[in-house]
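Hi everyone, thanks for making time.

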Amino acid sequence: MPSLTSQYAVIGAGLAGSATAWQLAARGHEVTLLEQTTPAHRGGSSHGSARILRYAYAERLYARLMVRAKPLWDELERSAGRTLVTPTGAVDFGARRQPETLAQVLGDLGVDHELLSVQQATERWPEFRFDTPVLWHPGAGVIHAQAAVEAMVELAVAHGAHLETGWQLASAAREGAGYRLVSSRGDVVEAERVVVCAGGWLPDLLADLALPRGFLSRMPELVVRQEQAYHFPYRDGSGSSWPTFISMTDRIVVYGLPGGEDAGFRGQKVAEFNGGKPLPSAAHQDQLVDPDNRRRVTSYVQEHLPGLEPEPYAETTCLFTNTPDENFVLDRADGITVVSPCSGHGAKFAPLIGAMAADVASAADTSDVPAEFRVAAEPS
């Protein structure tokens, strides 16, 4: 059985794993990045070209984190020599979205924004049909998720990290002061410390990671959902003026963004938040679109988005891994760090998640890691 030794083994090369490998390697650590297929593969949560970057959160915790994350995106773009975030601005509306509250949070943090009346917003964006005040913040944009993963993997490798693809974890066990990881093919990696960034596969792996019982008992429940997204054509054939958006009505929570490469640059990606079916883990996905979900989203487009043709020309599925309170998980037990920046809103924080995960895994200063992300397990 081929064997590798490494100071750190990072499991999963999606946004979180590639960011963690980049940050650890850039700090001079020896890193092996293990990916069960290929980075940002279709079956995971980090594929495709369209994820929302936004500052608008009612929870100050996440709005503050976005203020910290954006300079790291800028650093990543400079280091990679490519554009990963396309500025679009964002609009937030609907009674349950509480635009006034969002405006207060952004104002407190000094984030550029406007709170517009229905008439003002409609004059600016006639492709929408608004029924509440609208928050506009121009600093939002669209992340090319797959390109970001590729860039962070390339930077990690440039700093000396080793990438292993087609490496699916079968077992993990304590061995001496470190861990012995064995793949489904029998390959072995011996690592002093392990960082697990397995996304929707985490529910299957937790019990096999040699984690203390106290840590496992305090892990929040992880529910994986197979979500659906649809691409609707622009009526005028051009999406140049379209921002990203989040709308929360009494009946449905919907988000949308320019679809980029995923939509052939000719449509808006629109989806219902947490509208998909729950799965035991990512291994159980079938990538089939639910007709009832398609009807709900199409009905929303007909009612609220007159700037789109109300018939999708493309559709896809993706995975959300949810915690009950939609907070992330980022904590260490012994030499294993568990990273789950989940609940459908983690992509925008990827470089910052990587930096915080590197801090936690290396026992560096973790004062900037929110207490809300810690499992706080007692010793087993």
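Quick housekeeping before I go on. This is a predicted model, where local features need pLDDT of at least 70 and side-chain atom pairs count only at pLDDT 80 or more, while totals for chains, interfaces and linings use all residues. Residues are numbered from 1 along each chain as its sequence is written, and side-chain values use heavy atoms, with hydrogens and water left out.

Back to our two residues. Arg-180 and Glu-190 form a salt bridge, with 3.5 Å between the closest N and O atoms. By salt bridge I mean a side-chain nitrogen of Lys or Arg within 4 Å of a carboxyl oxygen of Asp or Glu. Arg-180 sits in strand β11 (residues 178-183) and Glu-190 in strand β12 (residues 188-196), 10 residues apart. Those strand names come from DSSP runs, numbered from the N terminus: helices are H or I with at least four residues, strands are E with at least two.

How many salt bridges does a search of the whole structure find? It turns up 16. Another one joins Glu-315 and Arg-294, at 2.9 Å from N to O. Here Glu-315 belongs to strand β18 (residues 314-322) and Arg-294 to helix α8 (residues 291-304), 21 residues apart.

Then there's Arg-27 with Asp-359, whose closest N and O atoms are 2.6 Å apart. That pair links distant parts of the chain, 332 residues apart: Arg-27 is in the loop between α1 (15-26) and β2 (31-34), and Asp-359 is in helix α9 (residues 350-361). So is each partner buried or exposed? Arg-27 is partly exposed at 35%, whereas Asp-359, at 17%, counts as buried.

Now have a look at the sheet. There's an open sheet of 3 strands in the order β3-β8-β4, with antiparallel pairing. Its edge strands are β3 (51-53) and β4 (85-87), each pairing on one side only. Pairing here means DSSP finds at least two bridges between the strands. Between β3 and β8 (residues 141-143) there are 3 bridges, and Arg-51 has Ile-143 in β8 as its bridge partner.

What lies across these strands? That's helix α2 (residues 60-80), running at about 115° to β3. For angles like that, axes are lines fitted to C-alpha atoms, for helices over the stretch in contact (heavy atoms within 4.5 Å), and the angles run from 0 to 180 degrees between N-to-C directions.

Last stop, the inside. The largest nonpolar core has 63 residues, and Trp-73 and Phe-349 touch the most other members. Such a core is a set of buried Ala, Val, Leu, Ile, Met, Phe, Trp, Tyr and Cys residues joined through side-chain atoms within 4.5 Å. Among the residues Trp-73 touches are Leu-53, Val-85 and Ile-143. Apart from this core lies another one, of 31 residues, including Leu-169 and Leu-211.

Conventions:
Buried < 20%, exposed > 50% of the residue type's maximum accessible area, 1.4 Å probe, protein only. Lists of a residue's contacts leave out its neighbours within four places in sequence.
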